[in-house]
Amino acid sequence: MKIYLDNAATTPLDPEVFEVMTPYLLQHYGNPSSHHAHGREAKRAIEQARNTIAGLINADPSEIIFTGGGTEADNTALLSAGERRVITTPLEHHAVLHALHNPHYLSVNTKGEIDLAELELLLSDGEPSFVSIMHANNEIGVINDIEAIGELCERYGAIFHSDTVQTIGHYHHDVQKLKVHYLACSAHKFHGPKGVGFLYCRKGSNLSQLLRGGSQERKLRAGTENIAGIVGLAKALEVAYRDLDKHQLYIQKLKNRLIAKLQQIPGVTFNGASAKDNSLYTVLSVNFTATGTNLLKLLDENNISVSGGSACSTGSASHVLRAIKSDPDKDTVRFSFSKFNTIEQIARTVEILYRHFNVINQKTDLVESI
Ligand SMILES: Cc1ncc(COP(=O)(O)O)c(C=O)c1O
């Protein structure tokens with residue numbers, strides 16, 4: 001049995017999504033900029049996908065700009081900051097951090113939480129500001145209150161971008177309620193295809209062109225559109241929101257089970273708010289007492305795919321773990337879950353770890369139904 005517990009890195013494509021994509025690879029392959037039947041067919045598919053996505057986040061279709069994924073959406077939003085001072089956090093994904101020059105970093109506590117009073121104090125100095133704060137962190141799962149951050153930004157006239165790559169498709173977003181100017185989305189984080197996403201850009205907001213060339217996406221993003229990807233993105237979001245409550249509950253139960261079982265291993269702690277309520281239900285970041293064995297390798301040898309902080313390996317602390325002052329002498333493993341995981345997979349993972357850490361299991365059967 002091959003077990004995939006690295007769903008914050010990417011998720012498997014949903015067969016329902018694959019099904020709607022294939023006709024756009026095999027039959028309806030026209031270029032949407034072409035003025036003939038094939039082109040019009042492709043163009044229609046894009047606009048239909050745009051309408052579907054806009055409807056799901058309560059946006060106007062003109063506010064959805066298709067991109068080549070989350071990184072491009074983040075980069076485009078940040079480019080649009082212009083000369084404004086950028087305020088961000090040290091826990092952002094590199095898609096944000098590496099696109100910034102000399103931003104102002106808010107401080108974070110050991111749980112990975114920011115202090116809204118600190119943000120307010122900064123904004124109140126009147127300097128034109130662009131705030132980029134992620135909705136939820138991909139490594140430790142901590143969730144920021146983007147509703148409250150948006151309110152603050154509005155009060156002080158700041159522009160607000162949120163990297164929602166780990167939350168769109170996992171939580172509902174209503175852009176009529178959120179005081180946000182930009183949101184970034186990536187399809188492969190919710191069982192859609194890789195290399196496609198969108199930037200939500202509120203009407204009237206500045207939007208700089210990252211890619212220059214043709215006049216696609218109303219001259220905002222050049223390059224022939226990834227039709228099958230865009231169709232898959234819209235379908236993936238539709239499927240995600242269709243059964244969201246059910247999947248949230250199921251995945252949270254898988255996570256809770258793993259937390260409960262791992263707590264029986266001496267020395268185990270959880271990073272940030274990872275095992276608490278203010279955390280993604282899809283992510284659990286765990287610190288194990290170092291034994292000299294590379295845990296990622298051990299799990300990999302047992303056909304269990306997990307990751308360290310992010311793409312890094314156990315032992316070399318990521319920028320996120322460093323920022324929350326996580327103990328560098330511990331081995332960190334990030335487990336991340338999806339609707340395709342099962343309780344048997346959790347049990348098998350626990351079994352491997354119990355064996356390694358010599359935990360005598362009280363219950364003979366690790367698989368209790370949830
Ligand atoms: C929080 C966050 N932002 C941005 C990205 C980048 O998205 P993509 O892989 O679609 O470029 C990721 C994915 O790794 C992410 O987790």
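The model is predicted, so local features need pLDDT of at least 70 and side-chain atom pairs count only at pLDDT 80 or more, while totals for chains, interfaces and linings use all residues. Residues are numbered from 1 along each chain as its sequence is written, and side-chain values use heavy atoms, with hydrogens and water left out.

**The seven-stranded sheet**

Select the strands in the order β2-β8-β7-β6-β5-β3-β4, which form an open sheet of 7 strands with mixed pairing. Helices (H or I, at least four residues) and strands (E, at least two) are DSSP runs, numbered from the N terminus, and two strands pair if DSSP finds at least two bridges between them. At the edges stand β2 (64-67) and β4 (104-105); each has a single partner strand, so one side of each is left without a neighbour in the sheet. Strand β3 (residues 85-88) runs parallel to β4 and is joined to it by 2 bridges; in β4, His104 is the bridge partner of Ile87.

Contact means heavy atoms within 4.5 Å; axes are lines fitted to C-alpha atoms, for helices over the stretch in contact, and angles run from 0 to 180 degrees between N-to-C directions. Next show α4, which lies across β2, β5, β6, β7 (182-186) and β8 and runs at about 165° to β7.

Strand β5 (residues 129-132) runs parallel to β6 through 3 bridges, and Val131 has Phe160 of β6 as its bridge partner.

**The three-stranded sheet**

Select β9, β10 and β12, which form an open antiparallel sheet in the order β9-β10-β12. Its edge strands, β9 (269-270) and β12 (330-336), each pair on one side only. Between β10 (residues 283-289) and β12 there are 7 bridges, and Val333 in β12 is the bridge partner of Val286. Helix α10 (residues 244-262) packs on this sheet, touching β9, β10 and β12, at about 10° to the direction of β10.

**Gln345**

Centre on Gln345 in helix α13 (residues 343-356). Is Gln345 buried or exposed? Gln345 is buried, with a relative accessible area of 11%. Leaving aside neighbours within four places in sequence, its contacts are Met1, Lys2, Ile3 and Phe340.

**The largest pocket**

Select Ala8, His93, Asn138, Gln166 and Lys189, which lie nearest the centre of the largest pocket among its 32 lining residues. A pocket is an open set of points on a 1 Å grid over the protein atoms alone, with protein on both sides within 12 Å along at least five of seven lines; a cavity is a set where a 1.4 Å probe fits but cannot get out, and lining residues have an atom within 4 Å of a point. The largest share of the pocket lining, 3 residues, comes from α4.

**The largest cavity**

Finish with Gly169, His170, His191, His247 and Lys339, the closest to the centre of the largest cavity among the 18 residues that line it. Both α9 (227-242) and α10 supply at least two residues of this lining.

Definitions and conventions
Buried < 20%, exposed > 50% of the residue type's maximum accessible area, 1.4 Å probe, protein only.
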